[in-house]
Amino acid sequence: MWSIFVLLLILVPLVAPINVSAYVINQTSANISWIYPLDKNNPDDISLLGGMIKGFYVIVFAPLSLQPPIVHRNYEGTIGKEYWDIIGNLTPGTTYHAQVKAFTKKGDGKPSVPYIFTVPKEDFRE
């Protein structure tokens, strides 16, 4: 019985993603990347390698705007390595905050520290 109880406790992601960044592609899109860290000496982290993490929520919002947040479910990447997601429909000249959190069948993990970036008003690739 205790082993089932312990297993249920570790089904929610334990740590927040780290190294969140944004590479602005153009006026309306950005590539958000991050790492989900694992401590190979921690049995709880090792258990997540068994496939309990189902994916990540990538949340991009403009705090000074009335726009609703952009939320993507992402499954691209490898645990312990870099993940990424392309976010579109951004408004030129707007400052955004990007956060990422892992999710499992049981629930969501902690959100990352927000990464702040601004998309240009004009196309910068000319």
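Is Phe 56 buried or exposed, and what is its relative accessible area? Phe 56 is buried, at 1%. Buried means under 20% relative accessible area, exposed over 50%, and partly exposed in between (1.4 Å probe, protein chains only).

1. Basis. This is a predicted model: local features need pLDDT of at least 70, side-chain atom pairs count only at pLDDT 80 or more, and totals for chains, interfaces and linings use all residues. Residues are numbered from 1 along each chain as its sequence is written, and side-chain values use heavy atoms, without hydrogens and water.

2. Aromatic pairs. The whole structure holds six of them. Rings of Phe, Tyr and Trp (its six-membered ring) pair if their centres lie within 6.5 Å; planes under 30 degrees apart are stacked, over 60 edge-to-face, the rest tilted. Trp 34 and Tyr 83 are stacked, because their centres are 5.8 Å apart and their planes at 5 degrees. Both Trp 34 and Tyr 83 are buried. Tyr 36 and Phe 56 are tilted, with 5.9 Å between centres and 55 degrees between planes.

3. The cluster. Trp 34, Tyr 36, Phe 56 and Tyr 83 form one aromatic cluster. Tyr 36 counts as buried, at 0% relative accessibility.
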